[in-house]
Amino acid sequence: MEKILMVCYPKCSTCKKAEKFLKEKDIEYSYRDIKEENPTLEELKKWHKMSGLPLKKFFNTSGQLYRSMELKDKLKDMTDEEQYKLLSSDGMLVKRPILIKGSKVLVGFKVDEWEEI
């Protein structure tokens with residue numbers, strides 16, 4: 001069985017729902033606190049590629065830091081490399097939870113997507 005890594009923020013209500021989901025399904029996973037151990041630039045590039053999602057989906061658009069930095073208007077003028085560097089600078093900018101299982105990466109918690117893996 002492939003090891004599952006869940007990257008979360010302990011105070012995040014969506015992360016708590018995701019964790020409850022995994023526990024109810026008796027799914028073993030490793031937990032990583034995104035504030036204590038922010039994803040590295042290399043991890044973000046790898047996960048972004050594996051997810052097939054637009055890079056913007058990796059940003060925590062409802063977070064205070066995202067809003068205070070006015071990133072909504074700035075992201076469109078930034079290169080992917082600049083966005084990766086920004087994401088890797090602070091875990092609070094990264095959307096969570098992130099679930100990594102083998103070659104699959106899910107960003108955010110949608111029950112139907114999580115059911116599949």
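User: Which residues do ring pairs link into a cluster here?
Analyst: Phe21, Phe109 and Trp114 are linked into a cluster by ring pairs. This is a predicted model, and the structure holds four aromatic pairs.

User: What's the geometry between Phe21 and Phe109?
Analyst: Edge-to-face, with 5.6 Å centre to centre and 65° between the planes. The pair joins distant parts of the chain, 88 residues apart: Phe21 belongs to helix H1 (residues 13–24), while Phe109 is in the loop between strand E4 (104–107) and helix H6 (111–116).

User: And where does Trp114 come in, how are the rings of Phe109 and Trp114 arranged?
Analyst: Their centres are 4.9 Å apart and their planes stand at 90°, so this pair is edge-to-face.

User: Are Phe109 and Trp114 buried or exposed?
Analyst: Both are buried. Phe109 has 19% relative accessibility, and it counts as buried because the cut-off is under 20%. Phe21 is buried too, at 9%.

User: Switching to the sheet. What's the strand order?
Analyst: E2-E1-E3-E4, in an open sheet of four strands with mixed pairing. Strand E2 (30–33) and E4 are the edge strands, each pairing on one side only. From one strand to the next, the twist averages 15°.

User: In which sense do E1 and E2 pair?
Analyst: Parallel, over four bridges, with strand E1 covering residues 4–8.

User: Which strands does H1 touch?
Analyst: H1 packs on the sheet and touches E1, E2 and strand E3 (98–101). The direction of H1 makes about 160° with that of E1.

User: What about H2, which strands does that lie across?
Analyst: Helix H2 (residues 41–51) lies across E1, E2, E3 and E4. H2 runs at about 95° to E4.

User: OK, H5. Which residues are buried there?
Analyst: In helix H5 (residues 80–89), the buried ones include Gln83, Tyr84, Leu86 and Leu87. They sit on the same side of H5, because the arc they cover around the axis is only 165°.

User: What's on the other side of H5?
Analyst: Lys85 and Ser89, and these are exposed.

User: So what covers the buried residues of H5?
Analyst: The cover includes H2 and helix H4 (71–74).

User: What does Gly91 touch, leaving out residues up to four places away in sequence?
Analyst: Ile34, Asn38 and Arg96. As for distances, the C-alpha atoms of Gly91 and Asp33 are separated by 8.9 Å, and the two residues are 58 apart along the chain.

User: Arg96 again. Is the peptide bond from Arg96 to Pro97 cis or trans?
Analyst: Cis, with omega near -5°. Pro97 is in the loop between H5 and E3, which is also where Gly91 is found. For context, most peptide bonds are trans, and most residues other than glycine have a negative phi.

User: Then which phi does Asp26 have?
Analyst: A positive one, about 55°, although Asp26 is not a glycine. Asp26 is in the loop between H1 and E2 and is exposed, with a relative accessible area of 69%.

User: And what is phi of Glu70?
Analyst: Near 55°, again a positive value in a residue other than glycine. Glu70 is in the loop between helix H3 (64–68) and H4. At 51% relative accessibility, Glu70 counts as exposed, because the cut-off is over 50%.

User: Last thing, confidence. What's the mean pLDDT, and which elements have the lowest and highest?
Analyst: The mean for the protein is 95, and 99% of its residues reach 70 or more.

Conventions. Residues are numbered from 1 along each chain as its sequence is written. This is a predicted model: local features need pLDDT of at least 70, side-chain atom pairs count only at pLDDT 80 or more; totals for chains, interfaces and linings use all residues. Side-chain values use heavy atoms; hydrogens and water are left out. Rings of Phe, Tyr and Trp (its six-membered ring) pair if their centres lie within 6.5 Å; planes under 30 degrees apart count as stacked, over 60 as edge-to-face and the rest as tilted. Helices (H or I, at least four residues) and strands (E, at least two) are DSSP runs, numbered from the N terminus. Buried means under 20% relative accessible area, exposed over 50%, partly exposed in between (1.4 Å probe, protein chains only). Two strands pair if DSSP finds at least two bridges between them. Axes are lines fitted to C-alpha atoms, for helices over the stretch in contact, and angles run from 0 to 180 degrees between N-to-C directions. Contact means heavy atoms within 4.5 Å. The arc is that of the directions from the helix axis to the C-beta atoms. pLDDT is the predictor's confidence in each residue, from 0 to 100.
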